[in-house]
Amino acid sequence: ALYHAKQNARGQAVIFSTEHAHQITRRSRIDQELKNADLEKELSVLFQPFVDSETLTIIGFEALARWDNIALGRVTPDIFIPAAERNGLMSHLTLILLEKALEAAKLWPDGTRLSFNLSARDIVSPSTVDSLLSIIAKSGFNPANLDFELTETSVMTSFDLASTNLTRLMNNGIGIALDDFGTGQSSLGYVHRLPLRKIKVDRSFITDIDTNGLSRNIIRTIVDLCRNIDCVCVIEGMETEEQVTILRTLGCAIMQGYYFGRPMTLDETLVRLQDQRKA
Ligand code: C2E
Ligand code: CA
Ligand code: CA
Ligand code: CA
């Protein structure tokens, strides 16, 4: 590999591989574009359906953010969410995205659920929580049909503050879902100390569920855990019919994944909901 010598802020020589140098260049470009972007215009929301495991009908959608920038093209959230976090822009993005998602949700039939992802930064800031609550109140969306999704890591970083703010959201009728369950540092020590409505099991647990008995046992254990602590169990990343069949017998309540639908536009959600009513 090629290496470049550079100087860091303290004037020390630092060695980068070419690849690393490219990564840093791309990063700082993304940071730059993000700071200058017209986020109201460039951010949008797609919606991925989730279904009731028994009836296999769509009961709601998860909002998934997209960023379309003239210079960069479409940027995926795995890239721009961390960029927003390191540039202190995360709460700004979150509030824009929540407004857009709730605006879209107005067009769905009453009772359709919305799941919305929050970042670690959002949940440690009381003023962001104030803004979230006022956006929800203004939208008229029933908070009983709204869940905020948070990863284990984002809650753990500042547990007491996060837990206070989550309780506040819960007291306003909003549900909390623990996202990517099973991928964080550890889970069981604190799940019972959080006001959780849902646990979303990471898709890594089901990729080999049709061939691996151990994976099935792990899922069975998590489904039991959810039942015992009165949480709704959601399995994400369902891609095949075999997975769906197995997960239904294991008894999880809600399923989500490409098998049921990819993230789609608002118009596409309306077609899916319409088709479902006719069927
Ligand atoms: P996530 O919350 O775990 O969302 C699920 C991700 O897995 C989505 O990727 C979704 O498109 C993808 N996915 C869903 N079903 C399947 C499947 O069956 N197979 C496979 N291979 N993938 C599936 P996406 O949209 O690229 O989002 C990536 C992550 O970015 C999300 O992971 C979430 O952590 C974050 N994110 C997305 N939108 C937002 C947002 O508005 N705010 C925040 N804070 N984070 C967001
Ligand atoms: Ca999520
Ligand atoms: Ca997830
Ligand atoms: Ca994730």
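A polar contact is a pair of N or O atoms within 3.5 Å, and in this predicted model an oxygen atom of ligand 1 lies 2.8 Å from a polar backbone atom of Tyr-258. The protein covers 84% of the 800 Å² of accessible area that ligand 1 has on its own, and the space that ligand 1 takes up is the largest pocket.

**The shell around ligand 1**

- Ligand 1 is surrounded by 22 residues, and the closest of them are Gln-48, Arg-66, Asp-179, Glu-239 and Tyr-258.
- Sorted by class, this shell is made up of 10 nonpolar, five polar and seven charged residues.

**Elements that contribute to the shell**

- Two or more residues of the shell come from each of strand S4 (58-69), helix H3 (77-86), helix H4 (90-105) and strand S8 (175-181).
- Strand S4 gives the most to the shell around ligand 1, contributing four residues.

**Side-chain contacts with ligand 1**

- Gln-48 places a polar side-chain atom 2.9 Å from a nitrogen atom of ligand 1.
- For Glu-62, a polar side-chain atom is found 3.2 Å from an oxygen atom of ligand 1.

**Salt bridges**

- The structure holds 12 salt bridges, and one of them joins Lys-200 to Glu-62, with the closest N and O atoms 2.9 Å apart.
- This pair links distant parts of the chain, since Lys-200 belongs to strand S9 (residues 198-201) and Glu-62 to strand S4, 138 residues apart.
- Glu-62 therefore takes part in a salt bridge with Lys-200, a side-chain nitrogen of Lys within 4 Å of a carboxyl oxygen of Glu being enough to count as one.

Notes. Residues are numbered from 1 along each chain as its sequence is written. Chains are lettered from A and ligands numbered from 1 in the order in which they are written. This is a predicted model: local features need pLDDT of at least 70, side-chain atom pairs count only at pLDDT 80 or more; totals for chains, interfaces and linings use all residues. Side-chain values use heavy atoms; hydrogens and water are left out. A residue is near a molecule or strand if one of its heavy atoms lies within 4 Å of it. A polar contact is a pair of N or O atoms within 3.5 Å; within protein, one must be able to donate a hydrogen and the other to accept it, and residues adjacent in sequence count only if both atoms are side-chain atoms. Accessible areas come from the Shrake-Rupley method with a 1.4 Å probe; for residues, only the protein chains shown count as cover. On a 1 Å grid over the protein atoms alone, a cavity is a set of points where a 1.4 Å probe fits but cannot get out, and a pocket is an open set with protein on both sides within 12 Å along at least five of seven lines; lining residues have an atom within 4 Å of a point. A molecule sits in a cavity or pocket if more than half of its atoms lie within 2 Å of its grid points. Ala, Val, Leu, Ile, Met, Phe, Trp, Tyr, Cys and Pro count as nonpolar, Asp, Glu, Lys and Arg as charged, and the others, Gly among them, as polar.
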